[in-house]
Amino acid sequence: MKSPTSRSWKLLLLAAGTLVVVVVAPTVGSHPVSLADAFRGDPTASTILWKLRLPRVLLALLGGGLLASSGAAFQTLFRNPLAEPYTLGVASGGALGASLAFLVAGGRAGALLPVAGLAAFGGALAATFLVLLLGRRSGVGSHGLLLAGVAVALTCQALILFVQYLADATETLRMVRWMMGGLGVVGYREVLWVLPWALLTLGGLFLWRWELDLLLAGEEMAAGRGVALGRLRLIVLLLVSLGVGALVAVAGPIGFVGLIVPHLLRGWIGPGHRILLPACFLVGGGFLVLCDLGARTLLAPAELPVGIVTALLGGPFFLWVLRRRRTG
Amino acid sequence: MGRGRAPGIGTVSPNSLITARSISWAPVEGEPVLGPLDLEVVPGESVAVLGPNGAGKTTLVRLLSGVLSPTTGGLRWQSEPYEALTRRALAREIGYLPQDREETVPLTIRELVALSRYPHRPFWSTGLTGADRGAVERALETTRMGPLSHRPLVELSGGERQMAFLTAVAAQEASLWILDEPTRHLDPRHCLQVASLLRARHEAGTTLLFVTHDLSLAANLATRVVVLEAGRIAADGPPERILEPASLEQLFDAPFHVHRDGEETLVGLRYP
């Protein structure tokens, strides 16, 4: 049994751990920088720290937190431990929208963040509604939705390849790199862009924690206790598409964070969403900061797209979850 | 909670809790599995819904409890159409125990029971109110689940888990309980436990409507028996009239014997 106080302490511990990661991560890299130098006003140190590394760390924190919390909500909503924005078409729809924006805007898309952002929203929302529509027709409840989500994700990925094929060689290379998922930002523009959407998604999901908790007892039990399931599905899908769409527009689709983090945390801190959702934000954020640190340093001075790092960790994890479900 | 006119779907008895008029349900692009049928539930009743497998019993109780919407026809709670009520408002009146009960619920009994206060909780509130906590304790007391309340449902036996779900229904403090096979898969001791809980609730004024295959349970707990057959109501009346060998044989196409002993009635299959 997990008492409320022990869960709160664990949450506090996670917050402290994440804070340490966020403070230390910017000082590590191909060119180590000490916090003391940066505060003393050393020009190189402060440029690297404040302009290059801190925005990147903050974007990773927000993005990872957003993906992990969204994954936790999706896993409860779809009653499936393999559900997350990346496997369910939301991220792929967003990526398709952004790819189209890149194709149309050509080389200027990088300077037109809101355009790519809106296109990613549009894509994520369109994919979400398609999933809802198909899910309603193909079966009852969450199983139909899950199947529809996988089908939409695969279709979007095929369309993205088609868009890449249409683009010219330089543009294609840029899109391919972006599709790998990366946090290589300079300055705070992207962080400030993602921040309000991430807050909306996280705050919104937190407001629906009681309904999500009731879903743990089964869909019919939740409906019998007064949860309007159709409305809950719609709201969670909308909230997640807004946040993930915004993130995809700047960082590309980053997979598996939303899968690994909620799964591990549920075992340690319990399934109640009042604690689980904030814990997922903290650990998901810290995890992506560390993954990005790996991406920056493993092949330094070259950089690995962070999506490759998470995918390399996530693929085997996916298999492990499948195996454990079969044996357990 | 008004009563009176019922535009659109015909007359409403002034004191019915539920009035269902010509309700039917069919899956998308499928044959109807239930109805059209009419049904009323009045306060203080204890209605047993019987019928062979596939007769539409579960569909009927899902419609009555509002978790499923009818394809045609309309339902009212007192004088309010279901469509005019939120799911939460309906859940304050009707406590529903579904047939498909998860076996791997990762919550403790107390967590599940506390969550069942959901329909009473204002959207902005952050935790349980004093009234909620009182209801949780009362529910745990009625089902005697207090001593087990810290245990997760996954660790419980089938019978204990069933009592935990019933405790959750009790915490909702609804005036009508709709239960889909409350004694399914239970050993005799737990069957008895569930039956005495339901009898106590009924005596305390809760209206009951339950699906069961246990004819003796129906005979001893119900004040009214409704028999479904192929999606229609084949019989509806007091248990003395329906639970007797001739009508049972006709309804279920199997031989029965009925034994009355004072207050108690035993209904059994006549095995070859």
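Q: What makes β3(B) and strand β9 (residues 224-229) of chain B count as a pair, and in which sense do they run?
A: In this predicted model, β3(B) and β9(B) are joined over four bridges in the parallel sense. One place to look is B:Val47, which stands opposite B:Arg224 in β9(B).

Q: With which other strand does β3(B) pair in the parallel sense over four bridges?
A: That strand is β8 (residues 207-211) of chain B, where B:Leu208 is the bridge partner of B:Ser46. In general, strands of a sheet pair through backbone hydrogen bonds, either parallel or antiparallel.

Q: Why is strand β3 (residues 46-50) of chain B called largely enclosed?
A: A residue counts as buried if 20 or more other C-beta atoms lie within 10 Å of its own. Five of the five residues of β3(B) are buried, and therefore the strand is largely enclosed by the rest of the structure. Both of its faces are covered, with B:Ser46, B:Ala48 and B:Leu50 buried on one side and B:Val47 and B:Val49 buried on the other. In a regular strand the side chains alternate between the two faces of the sheet.

Q: Which residues have the most contacts inside the largest nonpolar core?
A: They are A:Val248, A:Cys280, B:Val49, B:Leu112, B:Leu209 and B:Ala218, in a core of 175 residues. Apart from this core lies another, of five residues, including A:Val33, A:Ala45, A:Ile48 and A:Leu49.

Q: With which residues is B:Val49 in contact, leaving aside its neighbours within four places in sequence?
A: B:Val49 is in contact with B:Lys57, B:Leu60, B:Val61, B:Leu209, B:Phe210, B:Val211, B:Val226 and B:Leu228.

Q: What makes β2 and β5 of chain B edge strands?
A: They belong to an open sheet of four strands in the order β2-β1-β4-β5 (chain B), with antiparallel pairing. The strands β2 (34-41) and β5 (80-81) of chain B each pair on one side only, and these are the edge strands.

Q: Which helix lies across β1 (18-25), β2 and β4 of chain B?
A: Helix α1 (residues 57-65) of chain B does so, running at about 130 degrees to β1(B).

Q: How do you know that the radius of gyration of chain A agrees with that of a compact globule?
A: For 328 residues a compact globule would have a radius of gyration near 20 Å, and chain A has 20 Å, so the two agree. Of these 328 residues, 51% count as buried. Chain A has 14 helices and zero strands, and its C-alpha atoms fill a box of roughly 65 × 55 × 35 Å along the principal axes.

Q: How many residues does each chain give to the contact between chain A and chain B?
A: Chain B gives 22 residues and chain A gives 16 residues. On the side of chain B that touches chain A, the largest share, three residues, comes from α2(B). By class, that side of chain B has 12 nonpolar, five polar and five charged residues.

Note on methods. Residues numbered from 1 in each chain as written. Chains lettered and ligands numbered in written order. Predicted model: local features only at pLDDT ≥ 70, side-chain atom pairs only at ≥ 80, totals over all residues. Core = buried A, V, L, I, M, F, W, Y, C linked by C-beta atoms within 7 Å. Buried ≥ 20, exposed ≤ 12 C-beta atoms within 10 Å, placed from the backbone. Contact = placed C-beta atoms within 7 Å. Pairing = 2+ DSSP bridges. Helix = DSSP H or I, 4+ residues; strand = E, 2+ residues; numbered from the N terminus. Axes fitted to C-alpha atoms, helices over the stretch in contact; angles between N-to-C directions. Nonpolar A, V, L, I, M, F, W, Y, C, P; charged D, E, K, R; others polar. Rg over C-alpha atoms; globule rule 2.2 N^0.38 Å.
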